[in-house]
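These notebook entries record what I looked up in one structure and in what order. I give each term with its cut-offs where I first rely on it.

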Amino acid sequence: MILSLLILPLLAGIAQASPEELEQNLAYRSPYVSHPALGIDTRQVYKRHLEASAEVRSDLKKRQEQTDIPSGEDSEYPQPGYGLGVTDWSNSNYIYAGDLNFTHSVASGDPYDYSVILWTRAYPASTYRVDIPQCEVQRWSLTGADVDWTVKVEATGLSASTLYSYQFENCAKPDNKSPIGKTRTAPGKMATDVPTQRFAIYSCSNYPNGFFSAYSGPVVHEDADYVVHLGDYIYESGTGGAAIGRVPSKGAELASLDDYRRRYDEHRTDVDLLSMHQNIPIIAIWDDHETANNDWKAGSSDSNDSISTGGCAYSNGTVCFSDRAMHAKRAYFEWLPIRQVDLGDQARIWRDFRFGDLLDIYALDTRKYDRDITDLSYNTDYVATLAQDLDSSRSMVGPQQEKWIEDGLKASQDRGTVWKLIWNQVILGSQTPDQATFTINYDAWDGYQGNRQRLLQHIYDQSIDNVAVFTGDTHATWLFENNIQATLQGSDDITTLAASEATTYDHQRGTVVEFGGTAVSSSGWGNSWGSYENSTVAAKRMVENNPTLLYSKGYHRGYMTVSVNYTHLETYWYSYPGNQQARVPNNRTLAMRATMEAGMNHVQRPLMTPTFGAIKPGF
Ligand SMILES: [Fe+2]
């Protein structure tokens, strides 16, 4: 079904908008609606509108003075009764009558069975910068400089499992419309006959590092209903890009709110990213580079708030970490069509989605919510000692999120939901200390081994079936079968596993299959080997030395798709050639495919012979 969610060409006097009405544009709530001092104080914005200077007001044409509107019935405007208690639109006092530029097309995200988040950016094509009231069929929404001209509304009252189109429209000029977007609602929470669900899964889109050809995949091939982004949607660095004409506009690391906003602005000029957003709803979670490299709850590798280091001595541009993190989060909430699930809870983004009895999604925040100290390059040895203490309360996600994911997985199992999918930023599997090829990444779950063990132990103890984790971060491709025994065997911690448990462990119980996807455009471990052949030699050593690792590939950029029905979960890894130094939207290659059969808790053998990369010998 196609339903047009039109933004009606209405405009009331700006002075009639109340703070509550401002907040109908969810961007005004970003990210702390219950703590206005930390975000946007809409009461102040409202007051400012009331006190707008005569000069600004004179730029807004009085509706009655427009000569091109026929008198009497005004078919271009909705009938009385819509919005704000206004009953006669023709008497609205002020109108912004200029053109709007929908500078970054449209986007949608976080599909529920009854609602979806719709996004656009409406920038006035005029010399003055006033707030632009807009409205849609259910309510008004306003936008302005306070929210970087972003518009983010929740369209509600929708039908489940339905394809919709939508369009924003300039209130003052009905012909001035956004591109038409397509979006989709999720299956009903209680649905029992859910059709195959298809996701395209991304991470690590670095604008100066390469083109975003991979985003074109699900648009060109129409093989995904939803897009998932596992983090590093933008990068904070100010370098690179000269060879491909994508030099960042700010040649330094991001620090201010405007820095972060302009970086989203810049990333969203990529045509394949724009097209993907216009056509498919996204479920996004952030990783570190939406703020700064290897950030955790109280710092990053180059910024913190520590008094002992002389105030903000490590900080970029003398901006303390907490300020920088606040700017980064606010820009993220403004520019991504993401729900704000509990604004009073440290701007958390971890959240879940239920797709009938077919699958539940748990989208984690392993990064910014409550992560204990991570590897910041200058403290690696210290973190390494913390990481291996299995009895420590040290956590990657924080106690509240730990309880949520454990309770959630158990509830999914008890409800009879077949698949439990986890969107996760950093590798869960144990990355073997094969020092010749790879050093342990203490910024990933290997740095939080007690937390990992608690999670895997819970899945094992509760006999939770069909858990699949999808991971970004590494700019490389991985297939792990994680369980307590095998994971500990892959690290120094095997000595802590009781001998009896090692011999009685049921390999088909409590195994969490992990699908790690490569980057959209960021280069990494695989590229450091200089050639595809060399990187594959390294990948071979990895799969041979790591008992939990079944497949590895390092060289190409690309993305994953996963298609899920009641009997199978099938993941495809796609590669794009040329390390993304040119745009190649129609040039993907299937690198590898792996399938889980429901109830088996591992991937089927024999594995496909991969087009790129290496599989474990004998598998
Ligand atoms: Fe990345």
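**Entry 1: a residue in helix 7**

I began with Glu-334, which is found in helix 7 (residues 321-335). Helices (H or I, at least four residues) and strands (E, at least two) are DSSP runs, numbered from the N terminus. The model is a predicted one, in which local features need pLDDT of at least 70 and side-chain atom pairs count only at pLDDT 80 or more, while totals for chains, interfaces and linings use all residues. Residues are numbered from 1 along each chain as its sequence is written.

Is Glu-334 buried or exposed? Glu-334 is buried because 28 other C-beta atoms lie within 10 Å. For this term I used the following cut-offs: a residue is buried with 20 or more other C-beta atoms within 10 Å of its own, exposed with 12 or fewer, and partly exposed in between, the C-beta atoms being placed from the backbone.

I then looked up the contacts of Glu-334. Leaving aside residues up to four places away in sequence, Glu-334 touches Ala-27, Ser-30, Val-147, Asp-148 and Thr-150. Contact here requires that the C-beta atoms, placed from the backbone, lie within 7 Å. Trp-149 is 185 residues from Glu-334 in sequence, and their C-alpha atoms are 9.0 Å apart.

**Entry 2**

I turned to strand 6 (residues 150-155), where 5 of the 6 residues are buried. Strand 3 (residues 116-124) runs antiparallel to strand 6 and is joined to it by 6 bridges. Two strands count as paired if DSSP finds at least two bridges between them.

Ala-125 is in the loop between strand 3 and strand 4 (132-135). Ala-125 is exposed because it has 12 other C-beta atoms within 10 Å. Asp-99 is 26 residues from Ala-125 along the chain, with 5.4 Å between their C-alpha atoms.

I looked up how helix 5 meets helix 7. Two packed helices are described by the angle between their axes and the distance between the axes. Helix 5 and helix 7 pack at about 35°, with axes 8 Å apart. The axes are lines fitted to C-alpha atoms, for helices over the stretch in contact, and angles run from 0 to 180 degrees between N-to-C directions.

The crossing of helix 5 and helix 7 is right-handed; a crossing is right-handed if the near helix is turned clockwise from the far one by less than a right angle, and left-handed if anticlockwise. Helix 5 contributes Leu-257, Tyr-260, Arg-261 and Tyr-264 to the contact, and helix 7 contributes His-327, Ala-328, Arg-330, Ala-331 and Trp-335. By class, I recorded 6 nonpolar, 1 polar and 2 charged residues in this contact. The classes take Ala, Val, Leu, Ile, Met, Phe, Trp, Tyr, Cys and Pro as nonpolar, Asp, Glu, Lys and Arg as charged, and the others, Gly among them, as polar.

The buried residues of helix 5 are Asp-259, Tyr-260, Arg-261, Arg-263, Tyr-264 and His-267, and they pack against helix 6 and helix 7. In helix 6 (residues 271-279), I found Asp-272, Leu-273, Met-276, His-277 and Asn-279 buried. Their cover includes strand 2 (100-109), helix 4 (217-221) and helix 5 (257-267).

**Entry 2: the open sheet and its helices**

What is the strand order of the open sheet of 8 strands? I read it as 14-15-16-17-19-18-20-24, with mixed pairing. Strand 14 (351-355) and strand 24 (614-615) are the edge strands, each pairing on one side only. Strand 15 (residues 359-363) and strand 16 (residues 419-424) run parallel, joined by 5 bridges. Tyr-362 stands opposite Ile-422 in strand 16.

Helix 9 (residues 399-415) lies across strands 14, 15, 16 and 17, at about 175° to strand 15. Helix 13 (residues 532-545) lies across strand 20 (549-553) and strand 24, at about 165° to strand 20.

**Entry 3: the whole chain**

The protein chain has 13 helices and 24 strands, and 53% of its 619 residues count as buried. Among contacts between residues at least 6 apart in sequence, 75% join residues at least 24 apart.

How values were computed
Contact = placed C-beta atoms within 7 Å.
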